Amino acid sequence: MLQSLHVKNLALIEETEVDFTEGLNILSGETGAGKSIIIGSINLALGEKVQKEMLRESGTDGEMAPALVELVFRVTDERQCAQLAELEVYPENDEVILSRKIINGRGAAKVNAETVPASKVKEIASILIDIHGQHEHQSLLSKKKHLEILDDYAAERLAGPKSELQKMYHEYRKLFEELKAADVDVEERLREISFLEYEVKEIGDASLREGEDEELEADFRKFSNGRKIVEAVSSAHSSTGGGMEGASDLIGRALRELSSVASYDDKLEELEQELLEIDNLLNDFNREIADYVENMEFDDETFYQVEKRLDAINHLKSKYGSTIPEILDALASRQERLTKLKDYDHYLDELKVNVEKAEKQLEEKCFEVSEIRREYAEKLTAAVTEALKDLNFLDVRFQMEFARTDGYTANGFDDAEFLISTNPGEPLKPLGKVASGGELSRIMLAIKTVLADEDAVETLIFDEIDSGISGRTAQMVSEKMNVLGRNHQIICITHLPQIAAMADSHYLIEKSVQNQTTVSTICRLNREESVDELARMLGGVEITDTVRKSASEMKELAEQKKH
């Protein structure tokens, strides 16, 4: 669950920290007080794009102050821990800390103090938290969203078959595109055969050998610096050789001098042995360098042949690949293509057979996935129907209709859509043709409630889920939120007192002017303060004793309902 939120220098917030609790956490406040900033801050920590208008100026110079958002999650659920482990994230003292620091408009994300890309933060967040924004229910107007919801519900059974389906689809598309490309006329095929024969001959005639280019480049470096090498080696040989004042002669003299007195002192004997080793090493070196000088060959003809061969290989690299193995791979692929084109009818027949085989396998897998979907669609729609009845849809029917797409997709061939009827005698129709904004909001809440029972995600955030509802419906929504809060942590921004009254923890977001600057603050209310806030939500500007009494009664009724 989300234990705490720390926000610094974002929009109207200078710095604030909120400790959340289990159950239903309600956030309320006047319009414009900064409720949306809280959700925006959480989204920012979870990897969303940094919005410039969210940042605060540091002073009169117009620069943006460094901003920080930090979320602390307590993770004890085994399923969540296993999912996090797959992402190489391990709770420390049962905690996972997600933070995002924004400096000069650029964000840096961290998980347990380790810097990670924003994409990974989003993956982690999907395990820990689910956010339902103010306008997310509008996504129900898209049929694509309906299939996503069903697949989420059936994920345990569907994940494996869907993964296999995607692999089969990509293999099928690869073969299908190859077949489409293979449909060429005779003249074009003959031109391609001629060109391939030329390329195969060009690479084959070169008789390439792996590692040959590296050897030639080493020889080229040696030959192109031949004069410098001869001068340097000759000078080294002269300096270390046995001539007058050469290193070998000088060490020999030193060795003779030490040998004449070594018997007088053990230490001198050790030094004599060390010098003897140096003399032996230098003699070995002189023999090797003398052999090198004797065998040095820097003739122009050899240099020319090396340069010519290297140019030929580099020419092939410019056409077929940056390395000899890549050129040889290019040769193999061209030989394979050439074989196909020369025996074209057999190649085409074999390709058609492979496409038919791949399509048949894909069709079977699509049927398997579709059968699982239909099985779970019945369970999902039945569960959502019951949840909708709890949300004041008294005579509701909710079903899923399946059609088939024109072709195959990586998601199968299902074209599924939710249908609803909210009044007796009315036929089932697509959501967009029946449901109002408030009804869509309740339908999404019902779906979220059903999915939450199947999902390991512990924390659910609802940003004004109560949009477009009031009265008895609002009361039933509040009861549903209360039920949902028994098994999940719920954080809900609301403007309805019926929902706020159900709070296990109630937080007030206020806007004020401090030091000639408008700031938002958030604080947790005690029971009496919560009643005052309910009275404000009920009564508006003027809060009378009657309004306050109504607020107190509402709170008492909510508490009785909870227990």
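Predicted model: local features only at pLDDT ≥ 70, side-chain atom pairs only at ≥ 80, totals over all residues.

Reader: Is Ser-99 buried or exposed?

Author: The term rests on relative accessible area: under 20% is buried, over 50% is exposed, and what lies in between is partly exposed. Ser-99 has a value of 12%, so this residue is buried.

Reader: Which residues does Ser-99 touch, leaving out those up to four places away in sequence?

Author: A contact is a pair of heavy atoms within 4.5 Å. By that reading Ser-99 is in contact with Val-69, Glu-70, Ala-108, Ala-109 and Lys-110.

Reader: Where is Glu-479, and is Glu-479 buried or exposed?

Author: Glu-479 belongs to helix H16, residues 471-484. Its relative accessible area is 18%, so Glu-479 counts as buried. Beyond four places in sequence, Glu-479 touches Arg-472, Met-502 and Lys-561.

Reader: How do I read a nonpolar core, and which residues of the largest one touch the most other members?

Author: A core is a set of buried nonpolar residues joined through side-chain atoms. The largest one here has 96 residues, and those touching the most other members are Leu-388, Ile-443, Phe-462, Met-481 and Cys-492. Helix H13, residues 344-390, supplies the largest share of this core, 16 residues. Apart from this core lies another, of 47 residues, including Ile-13, Ala-45, Ile-491 and Ile-522.

Reader: What does Met-481 touch, not counting residues up to four places away in sequence?

Author: Met-481 is in contact with Leu-24, Leu-445, Phe-462, Ile-465, Ile-490 and Cys-492.

Reader: How do the axes of helix H5 and H13 cross?

Author: Two things are read from a helix pair, the approach of the axes and the angle between their N-to-C directions. H5, residues 155-182, and H13 have axes that come within 8 Å and cross at roughly 155°. An angle over 145 degrees counts as roughly antiparallel, so H5 is roughly antiparallel to H13. The crossing of H5 and H13 is left-handed.

Reader: What about H4 and H5?

Author: The axes of H4, residues 143-153, and H5 come within 6 Å, crossing at roughly 105°. H4 is therefore roughly perpendicular to H5. On the H4 side the contact is made by Asp-151, Asp-152 and Tyr-153, and on the H5 side by Ala-155, Leu-158 and Lys-162.

Reader: Which backbone values deserve a second look?

Author: Most residues other than glycine have a negative phi. Glu-88 is not a glycine, yet has a positive phi of about 60°. Glu-88 lies in the loop between helix H2 and E5, and is exposed at 63% relative accessibility. Ala-113 also has a positive phi, near 70°. Ala-113 is in the loop between strand E6 and strand E7, and counts as exposed at 67%.

Reader: How many residues apart in sequence are Lys-180 and Arg-524, and how far apart in space?

Author: Separation in sequence and separation in space are read as two values. Lys-180 and Arg-524 are 344 residues apart in sequence, and 66 Å apart in space between C-alpha atoms. Lys-180 lies in helix H5 and is exposed, at 52% relative accessibility.

Reader: Where is Ala-33, and what does Ala-33 contact?

Author: Ala-33 is in the loop between strand E3 and helix H1. With a relative accessible area of 3%, Ala-33 is buried. Leaving aside neighbours within four places, Ala-33 is in contact with Ile-509, Glu-510, Lys-511 and Ser-520.

Conventions. Residues numbered from 1 in each chain as written. Heavy atoms only, no water. Core = buried A, V, L, I, M, F, W, Y, C linked by side-chain atoms within 4.5 Å. Buried < 20%, exposed > 50% of the residue type's maximum accessible area, 1.4 Å probe, protein only. Helix = DSSP H or I, 4+ residues; strand = E, 2+ residues; numbered from the N terminus. Axes fitted to C-alpha atoms, helices over the stretch in contact; angles between N-to-C directions. Parallel < 35°, antiparallel > 145°, perpendicular 65-115°, else oblique. Left-handed = near helix turned anticlockwise from the far one by under 90°.
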